[in-house]
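Hi,

Here is the structure I promised to send over.

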Amino acid sequence: MAWALWSGGTLARQRGALRLAFRLLGLAAELGKWGGDVVARGYSLAGLAETGRIQGDYATVATLHEQLLAEARARGEARHTVWALEGIAQIHRNTGSLDTALEMFEEAAVLAGDADDRRGRAWALRGIADIVSLRDGATSRALDLLTEAEVTCREMNLSSALAYNHKMRANVLFRAGRYEEAREVYEQALGEFRAMDEPRGEALASLGLVKARARLGRDRDATAADLDELRGRLDRIGLLNAREMVEKAYAELNVEPASAGAGGDRR
């Protein structure tokens, strides 16, 4: 029963049903403990941690990530250590601790390389690229790191990782003011996410695309309507951090929610 619930929770997360995923994985962890299945409980706790991080519920899962990292280090499990490091690094990145995030992504990249964990290294390189672009404006270095990671994604047929790689490439281009290039790559990533029915990635790529089109002169009312639709979509998915990103986009693009003109609010 624990493994069945873990499978259901994992599939729910992949389909974007994050609230359902969190509930199923929580039940799986409880049953794993009750049934004495340490492996099932461990996988379920890791799934809970990842789901909560994706949602942006950092207060709930930050300690769990640290616990899983300590356990992985104690057991000498390199791949689990890399996974936990990358998860904690992403939390630090999203809460503004960029130096700490970079250190952890870099440690994860080295560990993954030593363990021949090519997938883990590709994700770590993506994280490093994000930080050096955001913190340092190092566009060329970031793009080189993403190119290296893309080779691995293609060789291993990691379709989801490849799509997120492309979305990050578009982010880097956008930050550098290369809006037309960013628009093209956001559109590419959006198509890839839609092809695999990945609602979280689709929503995040859509947000980037809205911002790029706005910088290229899209009508402000149309931009506001696009952001309104995205805000509702992200609420349905349960992405707390991404919802905050949409709110920031209104201010960044100097537009008001379309509902505001009719007496609405920005709930």
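In this predicted model, the axes of helix α11 (residues 199-215) and helix α13 (residues 240-252) come within 11 Å and cross at roughly 5 degrees. The two are therefore roughly parallel (an angle under 35 degrees). Axes here are lines fitted to C-alpha atoms over the stretch in contact, with angles from 0 to 180 degrees between N-to-C directions; helices are DSSP runs of H or I with at least four residues. On the α11 side, Leu204, Leu207, Lys211 and Arg215 make the contact (heavy atoms within 4.5 Å), and α13 brings Ala242, Met245, Val246, Ala249 and Glu252.

Val246 turns up again in the largest nonpolar core, which has 65 residues. Along with Ile128, Tyr186, Leu227 and Leu239, Val246 touches the most other members. Such a core is a set of buried Ala, Val, Leu, Ile, Met, Phe, Trp, Tyr and Cys residues joined through side-chain atoms within 4.5 Å, where buried means under 20% relative accessible area (1.4 Å probe, protein chains only). Helix α9 (residues 159-175) gives the most to this core, with 9 residues. A second, separate core has 8 residues, including Leu25 and Leu68.

Helix α1 (residues 2-14) and helix α3 (residues 38-55) have axes that come within 10 Å and cross at roughly 20 degrees, which makes α1 roughly parallel to α3.

On conventions: residues are numbered from 1 along each chain as its sequence is written. Local features need pLDDT of at least 70, side-chain atom pairs count only at pLDDT 80 or more, totals for chains, interfaces and linings use all residues, and side-chain values use heavy atoms, leaving out hydrogens and water.

Best wishes

Technical notes: Parallel < 35°, antiparallel > 145°, perpendicular 65-115°, else oblique. Buried < 20%, exposed > 50% of the residue type's maximum accessible area, 1.4 Å probe, protein only.
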